[in-house]
Amino acid sequence: MTDDLRHMNHALRLAQRGLGNVWPNPNVGCVIVKDGIVVGRGWTQPGGRPHAERMALDQAGDAACGATVYTTLEPCAHHGRTPPCADALIAAGVVRVVSALTDPDPRTAGQGHTRLRDAGITVAEGIAAEAAARLQRGFLKRETQGLPMVTLKLASSLDGRIATASGESQWITGPAARRHVHLLRMRHDAVMVGGGTARADMPSLNVRGFGPVRQPVRVIVSSQSLPDLPPEDAAHGPLRQISGNLRDGLAELAGQGITRVFCEGGGRLAASLLADDLVDDLVFYSAGLVLGSEGRASVGAMPPGRLTDAPRFDLRRSLRLGPDLCQFWSRSEA
């Protein structure tokens, strides 16, 4: 493995810390290296400030002069609540910047790289680009398509049922799987359920068991009035409602800065998202029990069509959580 790739992988691991915690900003990681030694590290902080580069520069101090900077996204070139990171790198005297991706935000969109080059700094682009794009999919999709990335969670019996015929569903999966769900909630900006699930289960839709965290926005998809859910506080995120077209509702969330949505709705909402081609990732928890055909299906009715038209996903990885199996699938691009 080359030094560039090794240090970029370090930066990518740092960037993961910002998942679900930095919107509306992208989750970026930055590593500053001088004479083969890491002198500064940073990642986008809660709420989006400070940026990863600023954090790493502050840690490096004077050692940043003459150093190489590895960043998972092009340094910003626009003024916001803080000055551009490209200008900060120039002022620090770095001599080389290695980035994984160009920032699609039109306020930067290559201008950060250009500004660095104009200042005499060597710029290398595209290092670990595929891994960085996967990590930044929510931000990239919001910027390029005006939609957040959607992860659909399904938890079912071996025969694809999420509840008995009478509606009993607690608990199909075990404690380890349920704790893992809270970890995934924590890595998304919003948690979404349908109105039927909200009224039947009165879910908290928050992250529990991981200490103080930035709670995800709670999104209810329903044309009816919302149930009496807990108000926003330190333990519960803001509440939003989608009452019309799903795609339009998700676009509205994207307009509010949300980049990653974790859907835990019932079979009807799952079917609607799949039928409208809105699901990017699918997380499937499978429990070792069988409920039979009278049980409630994990995915509701979808429009009839040919087998070749069915939504398809590629298996990325799987893991065992106690007695249950968890599989991670991504939408097939083939």
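I began with the largest cavity, which holds about 70 Å³ of space. For this I used a 1 Å grid over the protein atoms alone, on which a cavity is a set of points where a 1.4 Å probe fits but cannot get out, a pocket is an open set with protein on both sides within 12 Å along at least five of seven lines, and lining residues have an atom within 4 Å of a point. Grid points are joined across faces, edges and corners, and a volume is the space filled by probe spheres set on the points. The structure holds one cavity of 30 Å³ or more.

I noted that the model is predicted, so that local features need pLDDT of at least 70 and side-chain atom pairs count only at pLDDT 80 or more, whereas totals for chains, interfaces and linings use all residues. Residues are numbered from 1 along each chain as its sequence is written, and side-chain values use heavy atoms, with hydrogens and water left out.

Which residues lie nearest the centre of the largest cavity? I found Val22, Asn25, Asn27, Thr259 and Arg260 there, out of 16 lining residues. The lining divides into six nonpolar, eight polar and two charged residues, where Ala, Val, Leu, Ile, Met, Phe, Trp, Tyr, Cys and Pro count as nonpolar, Asp, Glu, Lys and Arg as charged, and the others, Gly among them, as polar.

I then turned to the second largest pocket, with about 520 Å³ of space. Its lining has 21 residues, and Gln16, Leu19, Leu135, Arg187 and Arg316 are those nearest the centre. Two or more lining residues come from each of helix H1 (3-15), helix H5 (129-135), strand S6 (149-156), strand S12 (281-286) and strand S14 (313-321); helices (H or I, at least four residues) and strands (E, at least two) are DSSP runs, numbered from the N terminus. By class, I recorded eight nonpolar, four polar and nine charged residues in this lining.

Next I looked up the eight-stranded open sheet, whose order is S10-S9-S8-S11-S6-S12-S15-S14 with mixed pairing; two strands pair if DSSP finds at least two bridges between them. Strand S10 (239-242) and S14 are the edge strands, each pairing on one side only. S14 runs antiparallel to strand S15 (residues 324-331), and eight bridges join them; Arg320 stands opposite Leu325 in S15. Helix H7 packs on this sheet, touching S6, strand S8 (190-194), S11, S12, S14 and S15, and its direction makes about 165° with that of S12. Contact means heavy atoms within 4.5 Å, and axes are lines fitted to C-alpha atoms, for helices over the stretch in contact, with angles from 0 to 180 degrees between N-to-C directions.

Leaving aside neighbours within four places in sequence, I listed the contacts of Arg185, among them Val191, Leu205, Phe262 and Glu264.

Lastly I noted the open sheet of five strands, ordered S2-S1-S3-S4-S5 with mixed pairing. Strand S2 (37-43) and strand S5 (122-125) each have a single partner strand, so one side of each is left without a neighbour in the sheet.
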